[in-house]
Amino acid sequence: MAATQPPTSPAPGTADADAVRARRAAAAEAVRSTLLDVPDFPQPGVVFKDVTPLLADPAAFAAVVAALADVGRGSDGAPVVDKVVGMEARGFLFGTPVAQALGVGFVPVRKPGKLPRATHEVDYDLEYGSTSLALHVDALAPGDRVLVVDDVLATGGTAAATRTLVERCGAHVVGIALLLELTFLPGRAAVDGVPVTALLQV
């Protein structure tokens, strides 16, 4: 079977540059002003990024969704993706409204045993352990262009595993959109070759 070729659509995140920049700046401030650091959760030495205050603020949440959705649009403002994929669990919170804003379907990536039909599964390492992710084998069609949405890019294990799952369906990740990137960790290297857009970098 021939390998799936990358899409030739315009690069994600190029719609109406001035408006995109303004929305991204507003979203970055929304993330900066609402995100809370919780030390030693879920285990000692880990600083957990708590997004619940952002979710509770409707203006901040709307700003973030608008900016993340821009990543899935081309230079004419039209979607350049066929699906949005979000990872359990916080990727669901942001991926579903982004998919709705783009007018495309949302596909969940879940922990094994949570999806009811045949799945692809990938094991991967986290910054504080290891786990697995699963995706329905028929969730994406060969050639689908996918925008991956999550909250934080840290070591990149979750994003890389999700990319592998997408590619096993014959689809292609055209971009990753996130609230926050921890630049002192090698997240981008884990998804080398895929454009990464983070609303805020620390």
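This is a predicted model: local features need pLDDT of at least 70, side-chain atom pairs count only at pLDDT 80 or more; totals for chains, interfaces and linings use all residues.
Setting aside neighbours within four places in sequence, Asp 144 is in contact with Asp 82, Lys 83, Ala 171 and His 172. Asp 144 is buried but takes part in no salt bridge. Its nearest side chain of opposite charge belongs to Lys 83, 4.1 Å away, and a salt bridge is only counted when a side-chain nitrogen of Lys or Arg comes within 4 Å of a carboxyl oxygen of Asp or Glu. So the 4.1 Å separation from Lys 83 leaves Asp 144 without a bridge under that cut-off. The Asp 144 side chain does have a polar atom 2.9 Å from the backbone nitrogen of Ala 141.

Twelve residues separate Gly 72 from Val 84 in sequence, and their C-alpha atoms are 8.7 Å apart in space.

Now for the charge pairs. Side chains of opposite charge can pair when their charged atoms come close. Across the whole structure, a search turns up eleven salt bridges. One of the pairs is Glu 29 with Arg 32, whose closest N and O atoms are 2.9 Å apart. Both residues belong to helix α1 (residues 17-34), where three residues, or about one turn of the helix, lie between one and the other. Glu 29 counts as partly exposed at 41% relative accessibility, and Arg 32 gets the same label at 47%.

A second pair within a helix is found in α5 (residues 157-168). Here the side chains of Arg 163 and Glu 167 meet in a salt bridge, with 3.3 Å from N to O. Because these two residues are four apart in the helix, about one helical turn separates Arg 163 from Glu 167. Arg 163 is partly exposed at 22% relative accessibility, and Glu 167 is partly exposed at 39%.

The bridge between Glu 88 and Arg 110 has an N to O distance of 3.1 Å. Glu 88 lies in the loop between β3 and α4 (90-102), while Arg 110 lies in the loop between β4 (105-109) and β5 (119-126), so this pair ties together parts that are 22 residues apart in sequence. Glu 88 has a relative accessible area of 22%, which makes it partly exposed. Arg 110, at 23% relative accessibility, is also partly exposed. Beyond such pairs, Arg 23, Asp 70 and Arg 73 are joined in a network of salt bridges.

Finally, the surface also has a nonpolar feature. Leu 36, Val 38 and Phe 41 make up a nonpolar patch there, and together they account for about 240 Å² of accessible area. Phe 41 is located in the loop between β1 (36-39) and β2 (47-50). Its relative accessibility is 42%, so Phe 41 counts as partly exposed.

Note on methods
Residues are numbered from 1 along each chain as its sequence is written. Side-chain values use heavy atoms; hydrogens and water are left out. Patches are made of residues with over 30% relative accessible area and no salt bridge: like charges are joined within 9 Å, nonpolar side chains (Val, Leu, Ile, Met, Phe, Trp, Tyr) within 5 Å. Accessible areas come from the Shrake-Rupley method with a 1.4 Å probe; for residues, only the protein chains shown count as cover. Buried means under 20% relative accessible area, exposed over 50%, partly exposed in between (1.4 Å probe, protein chains only). Lys and Arg count as positive and Asp and Glu as negative; His and the chain ends are not counted. A polar contact is a pair of N or O atoms within 3.5 Å; within protein, one must be able to donate a hydrogen and the other to accept it, and residues adjacent in sequence count only if both atoms are side-chain atoms. Contact means heavy atoms within 4.5 Å.
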